[in-house]
Amino acid sequence: MSQLQTRFFTDNKKYSVDDVPFSIPAASEVQELSNVINKLLEAKNDCLVCQCDLKRVLCVLQEDVVEIEYVERFTAPQPEECMMHDDWISSVEADSEWILTGSYDKTARIWSLEGKAVMTVAGHTDVVKDVAWVRRDGLTSLLLTASLDQTILLWEWNSERNKLKARHCCRGHAGSVDTIATDPTRTKVTGEEEEVEEPPSRPRKKQKTEQLGLTRTPLMTLSGHNEAVSSVLWLDSEEICSASWDHTIRLWDAETGSVKTTLTGSKVFNHISYSPLCRRLASGSTDRHVRLWDPRSKDGSLVLLSLTSHSGWVTAVKWAPSHEHQLVSGSLDNLVKLWDTRSCKTPLYDVSAHEDKVLCVDWTDSRLMLSGGADNKLYTYRYTACETDAGA
Amino acid sequence: MRTVNLESQKNGTMSKAKEKSAKKRVVEEDDDQLPIFDKDVTEKKAGEEDDADLSDSEESVFSGLEDSESDSHDEEEDAEEGDDEEDDDDAVILDEILTKSSGVETATEPPATDKNTPTQPDVKTAPKRKMKKGEGVAMDDGGEKGLITTRHGDEYEHDTSDEEDIRNTVGNIPMEWYQDYPHIGYNLDGKKIFKPIRNKDELDEFLDKMENPDYWRTVHDKTTASDIRLSDEQVDLVHRLQKGQFGDVNFNEYEPSVDFFTNEVMIHPVTNRPQDKRSFIPSLIEKEKVSKLVHAIKMGWIKPRKPKETTPQYYDLWAKEDPNAILGRHKMHVPAPKMRLPGHEESYNPPPEYLLTEEERMAWEQQDAEDRKLPFLPQKHSCLRAVPAFSRFIHERFERCLDLYLCPRQRKMRVNVNPEDLIPKLPKPKDLQPFPTTMSLVYIGHSSLVRSISASPTGQWLVSGSDDCTVRFWEVNTGRCMKTLEVGGAVKSVAWNPNPAVCLVAVCFESTVLLLNPGLGDRLVVSSTDQLITSYEPPEEDKEQAVTWALSEGPEHDNGHRLTLTHPKAVKQVVWHGKGDYLASVMPDNSSNLQVLIHQVSKRRTQNPFRKNKGLVQCVSFHPLRPYFFVATQRYVRVYNLIKQELTKKLMTNCKWISSMAIHPGGDNLICGSYDCRLAWFDLDLSTKPYKMLRHHKKALRGVAYHKHYPLFASGADDGSVIICHGMVYNDLLQNPLIVPVKVLKGHQITHDLGVLDVTFHPTQPWVFSSGADATIRLFT
């Protein structure tokens, strides 16, 4: 069998091996390569599982010494908990301790990370479309629920006494509120958003201050989208990003309420996500692709990369909070896929736990991946990998 | 030398033949002189007795001799200088001839010899002169005279003189030049030769001819203007020459030949000369040549001969044949029609039913031979051996040959059209995006076939009516069924009010049209719709209406029911006007004029726009912009102007049975689906006939739809497929709509032979919904 000169390298200093060429069989598979690296690492370190990027191996075969980049392997996400709901799960958001889910049974629920139902937030007269944590002061948490009944409710929840109090009702949308987002400072602002009213009057996006009073009106309305706005998020405390059915992603200045940049796609956007680590936007749209955007590019319409593996609409995307290359996407084809942006053709893992459409996905900081869907189940998966990267 | 002899003989004899031969030679040698001598010939002919036939033979003879003569002259010329002896021989032979001819000469014309005497020295040179110059023959004639007297002088004395006529020195000129002179030339002494005084005229000539017994052997010599009478010997000579014999009587042409060397092998060599040394030594020259050749071969300058190809070479005679030529017709061979194979009737032992009964046989016999079904009588034989010879064999073959011969067979000229050329140039579907391509969502929930669907004007909701007596409201982007309403019958048609400010859905089942407020969307709109309905005040004078309007209350109201319109008959279709206030319902009935009703929701009024029954109404539609109303009966679509209350247009669909109809949002185009698998596109400005007929579906079309914004239209059919077509309508009135089929969408199961029952487009996105008999609604994006 022919031998091949290879040199292994990695960005991760912790797992670096000596920069000397090794001769390995040319027909080595990923498993064999990772065995080699593990053996090398064993000499100086404890055992690790490595993942080699096979594509990179293939594309540099012409050289004398093949350079193989290796990254540490993520073990497959292990399904951990399955939380049954009464109806479809429309949204999920987790913080470090609690999971908040919105459901089509007009309630939102708070779960512990272990899968124990803690609280049911009932108050909406229609389907809860989105939920968000605002902030936590010790035992008291503020949370938001947005609903089809055109209102957003701000709740105050005391986790110790398990008491829930509706603080405010935010009105102002002329359609169902499909998505909300909170300011990263978690102090005073929530951005939320709604579905179209009439075609002539553009859908609006609102943000609110937390002032006292039972009913709030929008602090600011961001008008510009021609059709339903499907997703909003805060890039930082000054910038709001919104994705819409009119095939555009718009960046707004939170202070003035004006459009800063418009990114134009060719399909309806279902969901977007932003990673402060890699400063990229990921969008899920009604074709099969997850697309990556650079929100800072001024020329708009620049797709950096498209991740193609889903066979249905991508309904939810979420960047990993602690890893700059990883993101998770959920699709109508019942699959949740874990992606590494360095290999755009195939996902790292397909998670096929759901039996129906996946509608929402999320990560927690504490190594949990969440996905909920039309089969009324919220799955949590444990992914054991990137503690080193996370720096946790 | 022999030829020379002959020549001299000729010269000596001075006969007509000689003259003639002279002429011939002239002809051969010098064309310029020809006319002159032709004249001579004509002159001669007058006095000639010999036929022209004779002259032919003369010519052949003499020409042959002449050739050989010239050859020998060449030889002589080569050896001219040193062969004096031979010259002597010549002289001797010449002398012999001259002795013979001289007698004649002297007998006939002694004066001529006298005259020529001084020219004797020329005699010897005559042949040589000829050799040297090849001059004209006329001089030979002159020379002949000279020859006669050669022997008397020193033949070498005047050897240098060229050949001149010795008797007349004028030379070789036409003698006519001397016609006007008293003389005809000059003799050697320079004295004039005078013409004879006696001048023969024609009469004299004739008399002479009649009277003179020697006339036939008299020859006129022009140069001397004297008549010469040929002697007997000369005449004989001429005769012999004419016969191709040798001139000399005594010449034996068959003398035995004596070999110079004996043919017997002698013991002594002919010469005793010892052989040369070089015959024993290898030749140096040869060696040199051979070595040169060897060198050339070594250097490759000379190549061995290629062996000739032994394979025979064939030529394609027909390679360049024009296939269209008449010969090409064997390529256009039309095979003769095959003869019918023998059936049971021809069998020697046919099944009994093929045998004719007695009556049939009688009928057969009485029939005319041409009318007979069978040209023979089926017969039964016990065994094959007993079958007699077929008596009609020759007859049958003859008829067959006659058929083949008389029957005109010709090839039908088919127009060769490349099928691809017939396809119009259409843009590629790829360039016509966006259009729905894949199935994205399936809305599951109904338990029976979904007859009708309609999308809300915002595109967020979808309503569907099914045969399971429910109306369901769906969230478009998730496929969630938001609401299910039970109604009292199988839902035939649903229609969402196109006005976004009004939230009403019209549902028809059995004989009821129900107006529902689904409560979806903006609360304000929902409540304002309710307000609009409740704010109705009944008019003071209550008019009798075709339908009864009833306001729903109690639990029905909570379910969303708002108004109930009870029709007298079963309602098949409801359709909204674009403004959302008017509503048309269809009650198909062949026998009544009450088929279409138009309702006004805000005033709760109903009117029947038509007084006459024009046929079974299939579906109706409002014009999106103008006050027109489209009514589709089984075969026609009628366009009415509602304000003027008149028929504007009648469209001939060429379909058997219209099933559905959709109006382009621009209002000038219309598509019609029919149960006979056809989709007709009408351009209302263009014609009342279909602009295009599309036959893409395999089975009956059930639903057609236009997109509001995108240039798309869709058709659903019983084959379970939805076909999306690009239908671009241009603002330019001169440009016809561009229709390109772009996609076939499949997904629906065929249930009870029904596939897709309704199609509708999303109001803003290029998405299409289709409802099917498999109780599902599908979204294609």
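1. Let's start with T764(B). In this predicted model, T764(B) has a relative accessibility of 17%. Buried means under 20%, so T764(B) counts as buried. To find T764(B) in chain B, look in the loop between β31 (756–761) and β32 (768–772).

2. What does T764(B) touch, once its neighbours within four places in sequence are left aside? The answer spans two chains: E227(A) on one side, and H707(B), H709(B) and Y710(B) on the other. With E227(A) there is also a side-chain polar contact, at 3.0 Å.

3. Now zoom out to the interface between the chains. Chain A puts 25 residues into the contact, and chain B puts in 25 residues too. Together the two chains bury about 2,100 Å², with 54% of that on carbon and sulfur atoms.

4. A word on the annotation. In the model, the stretch 749–781 of chain B comes out as 48% strand and 0% helix. Its end C-alpha atoms lie 19 Å apart.

5. For a helix, turn to α10 of chain B, which runs over residues 232–243. This helix has 12 residues and reaches 16 Å from first C-alpha to last, close to the 16 Å expected at 1.5 Å a residue. The buried residues in α10(B) are Q234(B), V235(B), L237(B), V238(B), R240(B), L241(B) and Q242(B). When reading that list, keep in mind that residues three or four places apart in an α-helix point the same way, because there are 3.6 residues a turn. Just past the end of α10(B) comes G244(B), with a positive phi of about 85 degrees.

6. Last, the cysteines. How many disulfides does the structure hold over all chains? The count is 0. C278(A) has a relative accessible area of 13%, so C278(A) is buried. C469(B), at 24%, is partly exposed, because partly exposed begins where buried, under 20%, stops.

Key: Residues are numbered from 1 along each chain as its sequence is written. Chains are lettered from A and ligands numbered from 1 in the order in which they are written. This is a predicted model: local features need pLDDT of at least 70, side-chain atom pairs count only at pLDDT 80 or more; totals for chains, interfaces and linings use all residues. Side-chain values use heavy atoms; hydrogens and water are left out. Helices (H or I, at least four residues) and strands (E, at least two) are DSSP runs, numbered from the N terminus. The expected span of a helix is 1.5 Å times one less than its number of residues. Buried means under 20% relative accessible area, exposed over 50%, partly exposed in between (1.4 Å probe, protein chains only). A disulfide is a pair of cysteine sulfur atoms within 2.5 Å. Contact means heavy atoms within 4.5 Å. A polar contact is a pair of N or O atoms within 3.5 Å; within protein, one must be able to donate a hydrogen and the other to accept it, and residues adjacent in sequence count only if both atoms are side-chain atoms. Buried area is the accessible area (1.4 Å probe) that two parts lose on being put together, summed over both.
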